[in-house]
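Please find below my note on the model you sent. It is arranged as numbered points, to be read beside the coordinates.

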Amino acid sequence: MNKQMISLIILLLIGTLAGASSQVLLKIGINEIGAIKFSNISVSFNTILKIIINRFVIVGLALSVVAAFAGIMMLSQNNLNFIYPLGVGALFITVLIFSKLFLKENLNSIQFFGIVIILIGIVLLIKSKAG
């Protein structure tokens with residue numbers, strides 16, 4: 001495995017873990033605040049303030065920035081048609097696993113089968129890049 005592939009894998013891990021952690025923290029934060037209803041166009045200032053000062057939302061947004069920078073670094077060295085499906089696939093799998101582990105959400109057999117298919121796709125993508 002060459003240096004560029006090792007760098008890609010490290011950035012993919014950083015971006016994926018940061019992105020999935022971000023989503024879990026944002027969900028925890030919004031669960032604390034409660035459902036935001038857009039029945040009328042405006043959201044109250046109080047609701048916006050609750051979102052802005054929630055510690056889970058703040059850390060979640062910071063991790064989103066980390067994930068974005070990892071994505072930018074990967075894009076600077078690779079084609080979009082390689083990085084985007086690779087990153088989205090890895091993020092999809094990690095979010096499903098994290099939501100099961102940390103949010104106690106259900107993971108059904110169809111979702112599990114989807115993870116297996118996506119993993120096969122990720123392996124094929126990496127092999128196409130390496131070969």
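This is a predicted model: local features need pLDDT of at least 70, side-chain atom pairs count only at pLDDT 80 or more; totals for chains, interfaces and linings use all residues.

The points below go from the overall fold to the core and then to individual side-chain pairs.

1. The secondary structure consists of 5 helices and 0 strands, so the order of elements from the N terminus reads α-α-α-α-α.

2. Dimensions and surface. The C-alpha trace of the protein spans about 55 × 35 × 25 Å along its principal axes. The accessible surface is about 8700 Å², and carbon and sulfur atoms account for 72% of that area. Of the 131 residues in the protein, 27% are buried.

3. Contacts along the chain. Taking contacts between residues at least 6 apart in sequence, 78% join residues at least 24 apart.

4. In soluble globular proteins, nonpolar side chains tend to be buried together. Here the largest nonpolar core has 14 residues, and those with the most contacts inside it are Leu-8, Leu-12, Met-74, Phe-82, Ile-83, Leu-86 and Ile-122. Two or more residues come from each of helix 1 (3–33), helix 4 (80–103) and helix 5 (109–130). Helix 4 supplies the largest share, 6 residues.

5. Ile-83. Leaving aside residues up to four places away in sequence, Ile-83 touches Leu-8, Met-74, Leu-75 and Asn-78. Ile-83 is also one of the core residues with the most contacts inside the core, as are Leu-8 and Met-74.

6. Salt bridge. Side chains of opposite charge can pair when their charged atoms come close. A search of the whole structure finds 1 salt bridge. Glu-32 forms a salt bridge with Arg-55, with 3.6 Å between the closest N and O atoms. This pair links distant parts of the chain, since Glu-32 is in helix 1 and Arg-55 is in helix 3 (residues 55–77), 23 residues apart. How accessible are the two partners? Glu-32 has a relative accessible area of 44% and is therefore partly exposed, whereas Arg-55, at 53%, is exposed.

7. Aromatic pair. The structure holds 1 aromatic pair. Phe-98 and Phe-102 are its members, and their arrangement is edge-to-face, with 5.3 Å centre to centre and 85 degrees between the planes. Both residues lie in helix 4, 4 residues apart, about one turn of the helix.

Definitions and conventions:
Residues are numbered from 1 along each chain as its sequence is written. Side-chain values use heavy atoms; hydrogens and water are left out. A nonpolar core is a set of buried Ala, Val, Leu, Ile, Met, Phe, Trp, Tyr and Cys residues joined through side-chain atoms within 4.5 Å. Buried means under 20% relative accessible area, exposed over 50%, partly exposed in between (1.4 Å probe, protein chains only). Contact means heavy atoms within 4.5 Å. A salt bridge is a side-chain nitrogen of Lys or Arg within 4 Å of a carboxyl oxygen of Asp or Glu. Rings of Phe, Tyr and Trp (its six-membered ring) pair if their centres lie within 6.5 Å; planes under 30 degrees apart count as stacked, over 60 as edge-to-face and the rest as tilted. Accessible areas come from the Shrake-Rupley method with a 1.4 Å probe; for residues, only the protein chains shown count as cover.
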